[in-house]
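I opened the model today to look up a few packing and backbone details. My notes follow in the order I took them.

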Amino acid sequence: MLDACRDPDLVTEITLQPVRRHGVDAAVLFSDIVLPLVAIGVGVDIVAGVGPVVDKPVAERADVDRLRALEPDDVPYLSAAVRALVNELGPTPLIGFAGAPFTLASYLVEGGPSRDHARTKALMHGRPELWHALLSRLAVIAGEFLRVQIEAGAAMVQLFDSWVGSLSLADYTRFVLPHSRAVLEPIADRVPRIHFGVGTGELLAAMRTAGADVVGVDWRVPLDEAARRLGPGAVVQGNLDPSLLRAEWPVIEAEVRRIVAEGRAAAGHIFNLGHGVPPDTDPEVLTRIVGLVKSLG
């Protein structure tokens with residue numbers, strides 16, 4: 001996985017395949033949340049069936065101090081891939097990608113994926129100065145990772161905070177929001193910004209204030225309700241439950257029609273899944289969904 005993310009030719013080909021096959025309206029850069037950490041020398045391996053595993057989890061100030069800033073020369077393959085994609089895509093926009101500070105921190109502190117993020121929350125509350133120092137560094141790294149993509153021609157960028165839904169609104173506002181804002185605000189005048197998390201129904205309005213032009217919504221909150229929570233002028237992205245891709249077509253069609261109808265309550269709607277595509281999904285189902293969404297306007 002990490003080797004593929006660092007090969008411009010593979011990144012280009014993998015990113016283009018959904019556009020060619022399904023006729024989607026934009027391409028999403030093929031990358032991984034932990035790639036900028038690998039680029040600055042953090043020992044991370046993506047283990048099959050597990051996910052990213054960190055060889056030395058962050059626990060002390062010295063661990064934070066070892067996280068140096070990301071430089072463009074650390075990711076030459078990223079610039080090369082984005083430039084190649086922009087050339088191949090023509091008028092089809094490319095959406096860049098980065099992991100948000102909280103989600104990156106959760107991997108670094110837990111040492112890998114976690115169900116309850118107990119160590120992360122303990123560090124956050126027990127050693128807040130260390131926590132904020134860690135997220136400040138990760139915000140700089142994530143921001144530079146996005147900036148490199150923008151400089152190379154990405155038309156939009158998306159900040160993924162996959163695990164931030166494990167937090168309360170109070171904890172999100174105090175411990176996370178300032179650092180997500182530090183990533184998104186500096187690029188406000190350059191490209192549109194999408195912000196996405198899983199299980200973030202109670203956080204949506206706060207996530208919008210981080211500097212999101214579009215807020216991703218997972219399948220747990222209907223889009224009309226999400227638009228209400230987000231407030232006037234909100235643009236939403238989502239939110240078909242990925243597990244339904246295994247259902248019969250009439251079930252999927254009904255859900256797609258419902259989501260498109262509910263999305264009309266927002267100022268704008270980018271139809272998408274509420275999270276990633278399961279590996280065993282029939283690609284023909286995705287093609288049919290794209291065609292249905294486009295037919296609905």
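Predicted model: local features only at pLDDT ≥ 70, side-chain atom pairs only at ≥ 80, totals over all residues.

Which residues in α7 meet which in α8? I found Thr120, Leu123, Met124, His125 and Gly126 in α7 against Pro128, Leu130 and Trp131 in α8. Contact here means heavy atoms within 4.5 Å. By class, this contact has five nonpolar, three polar and no charged residues. I counted Ala, Val, Leu, Ile, Met, Phe, Trp, Tyr, Cys and Pro as nonpolar, Asp, Glu, Lys and Arg as charged, and the others, Gly among them, as polar.

Residues are numbered from 1 along each chain as its sequence is written, and side-chain values use heavy atoms, with hydrogens and water left out.

**Helix pair**

I checked the geometry next. The axes of α7 (residues 118-126) and α8 (residues 128-152) come within 5 Å and cross at roughly 110°. That makes α7 roughly perpendicular to α8, a label for angles of 65 to 115 degrees. Axes are lines fitted to C-alpha atoms, for helices over the stretch in contact, and angles run from 0 to 180 degrees between N-to-C directions. Helices (H or I, at least four residues) and strands (E, at least two) are DSSP runs, numbered from the N terminus.

I also looked at His117, in the loop between α6 (101-110) and α7. His117 is not a glycine, yet has a positive phi of about 55°.

**Sheet**

I traced an open sheet of seven strands, ordered β1-β4-β5-β6-β7-β8-β9, with parallel pairing. β1 (27-28) and β9 (268-273) stand at the edges with a single partner strand each, so one side of each is left without a neighbour in the sheet. Strands pair if DSSP finds at least two bridges between them.

β5 (residues 156-161) and β6 (residues 193-197) run parallel and are joined by five bridges. Phe160 stands opposite Phe196 in β6. Helix α13 (residues 249-263) packs on the sheet and touches β8 and β9; its direction makes about 155° with that of β9.

I found a cis peptide bond from Gly238 to Asn239, with omega near -5°. Asn239 is in β8 (residues 235-240).

**Hairpin**

β2 (residues 44-47) and β3 (residues 51-54) pair antiparallel over four bridges. Val47 stands opposite Gly51 in β3. Three residues lie between the strands of this hairpin, where Gly49 takes a positive phi near 80°.

How many cavities of 30 Å³ or more does the whole structure hold? I found one. On a 1 Å grid over the protein atoms alone, a cavity is a set of points where a 1.4 Å probe fits but cannot get out; a pocket is an open set with protein on both sides within 12 Å along at least five of seven lines; lining residues have an atom within 4 Å of a point. Grid points are joined across faces, edges and corners, and a volume is the space filled by probe spheres set on the points.

The largest cavity holds about 40 Å³. Its lining includes Cys5, Arg6, Leu29, Phe30 and Tyr77. α5 (76-89) and α2 (8-22) each supply at least two lining residues. α5 gives the most, with three.

Key: Parallel < 35°, antiparallel > 145°, perpendicular 65-115°, else oblique.
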